[in-house]
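Please keep the sequence and the 3D structure in view while reading.

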Amino acid sequence: MTIKMPLPDQGILARRDEIIAALRAIVPGEGVIETEREMKPYESDALTAYRQPPMVVVLPDTTEQVSQVLKYCHDNGIKVVPRGNGTSLSGGSFPLADGVLLGLSKFKRVREIDFDNRVAVVEPGMTNLAVSQAVAHEGFYYAPDPSSQIACSIGGNIAENSGGVHSLKYGLTTNNVLGCEFVLITGEILRIGGRAPENDGYDLMGVITGSEGLLGVVTEITVRILKKPETARALMVGFSEVEAAGECVARVIGAGIIPGGMEMMDRDAIAAAEAFVNAGYPLDVEALLIIELDGPSIEVDELIRRVEKIALDCRSTTCQISNSEQERLLFWAGRKAAFPAVGRLSPDYLCMDGTIPRGKLPEALAGIRELGKKYGLRCANVFHAGDGNLHPLILYDANIADEMQRAEDFGADILRLCVKLGGVLSGEHGIGVEKRDLMPEMLSDIDLAHHQRIKCAFDSGGLLNPGKMFPVLHRCAELGRMHVHGGKLPFPDIPRF
């Protein structure tokens, strides 16, 4: 393991049997997993390069059980790592040797569907796709659709503020979640937000979404559901130059056209996806754009005509337009299977996640190519091109000495490039442990201290998911210390206690 985590508390480990007994009293039956063999599936999430068995796994299935588990851990100074379905690509649910892994996989129920107000109240263990399936019979769906939607949980989507291929038009998770039931480390249960589009006071739902399990545990979620568009059609456009595809993306958005989704793949990703799903992708192009347009059929027809012309003006070499729902889904099948498909190209790969301004796509791709030469590694590129979210897939073989280290260094330099081009370290996968040590590339010490003050307001003991997001851990008291200059306190007229 090449990442540093907080040192295990030997005092806590010495009390393991006592802790397990206490957790069994709260979550009886099969709700506590303690043997090494049974905990094996929980030693990593989807960032499988790093593995660490937890001290114990607990699987509650009610909000009250979650509350009691967290209160017990708070009262006894025990670290807690929340986990959804374990699909995090940034190590967000990477376990701790002296911590309780709190799994929410049993929270799979639909609590209520309110079609009149266009909301659904669901539990965090439901998969992203299951939310859409639960409302499909009335012609509704849940818009954010990560490529892992058949497996990733809606609770995990909140933790990482996940996006998807249709987030360009319909927004990320934060734009589609209205409220939640939220349990603090103290065991207190809060109700945040609700069914109304707007709520008074601070936007705490915005703070919680993307907080990566550092502030509390979500046990119920109110999501916005949308009516399926009347028509949806997709164009599959090939280019002989990656730069030309990037130019096409910028021109489409610049023309005031907001596609339902706009994705890009390079030659390696195209070949892998085509071999995996046989979607009919052209194999003689350097870049492929999939552009989906939705709305009333007359509007979609006009937008297709405009986008096709823009693509031709950008020197496209192929263009195929879907004429049926089956064909549209086939276009997307290859893109959604790109990550597993690339697994055929190499024994191992790292999936990166950075975001840049759309206009910087050609520069970013050129930079990634140069970095590939520097580190002697191949990189297949898949992008949410419409919003500048890059997913370079760095191919390596962990069995070859130093290749994993070179892959990690390659990935770090890609993310530094994103920041240099005016972007950020993560678009939707989160910071976790993967990007934690790169946070100073994007945020100053002052910025990071303010982020940690928010954590302190929710978790003053630093027990929830420690070792994630922040490169340097501080006690909350350190962040509140007072600066004394020349022997004089600031604001001397304020009473001191």
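**Annotated domain and model basis**

The unreviewed UniProt entry carries the annotation "domain: FAD-binding PCMH-type" for residues 50-228, and such annotations may be inferred rather than shown by experiment. This is a predicted model, in which local features need pLDDT of at least 70 and side-chain atom pairs count only at pLDDT 80 or more, while totals for chains, interfaces and linings use all residues. Residues are numbered from 1 along each chain as its sequence is written, and side-chain values use heavy atoms, with hydrogens and water left out.

- Residues 50-228 are 21% helix and 26% strand, with the end C-alpha atoms 40 Å apart; helices (H or I, at least four residues) and strands (E, at least two) are DSSP runs, numbered from the N terminus.

**Nonpolar cores**

- A nonpolar core is a set of buried (under 20% relative accessible area, 1.4 Å probe, protein chains only) Ala, Val, Leu, Ile, Met, Phe, Trp, Tyr and Cys residues joined through side-chain atoms within 4.5 Å.
- The largest core has 74 residues, of which Phe239, Met264, Leu289, Ile394 and Phe410 touch the most other members, and its largest share, nine residues, comes from helix H15 (residues 403-420).
- A second, separate core of 26 residues includes Met55, Leu70, Val80 and Val183.

**Helix pair H9 and H11**

- Helix H9 (residues 242-254) packs against helix H11 (residues 297-313) at an angle of about 140 degrees, and their axes are 9 Å apart; axes are lines fitted to C-alpha atoms over the stretch in contact, with angles from 0 to 180 degrees between N-to-C directions.
- Cys248, Arg251 and Val252 in H9 meet Val307, Ile310, Ala311 and Asp313 in H11, where contact means heavy atoms within 4.5 Å.

Conventions:
Buried < 20%, exposed > 50% of the residue type's maximum accessible area, 1.4 Å probe, protein only.
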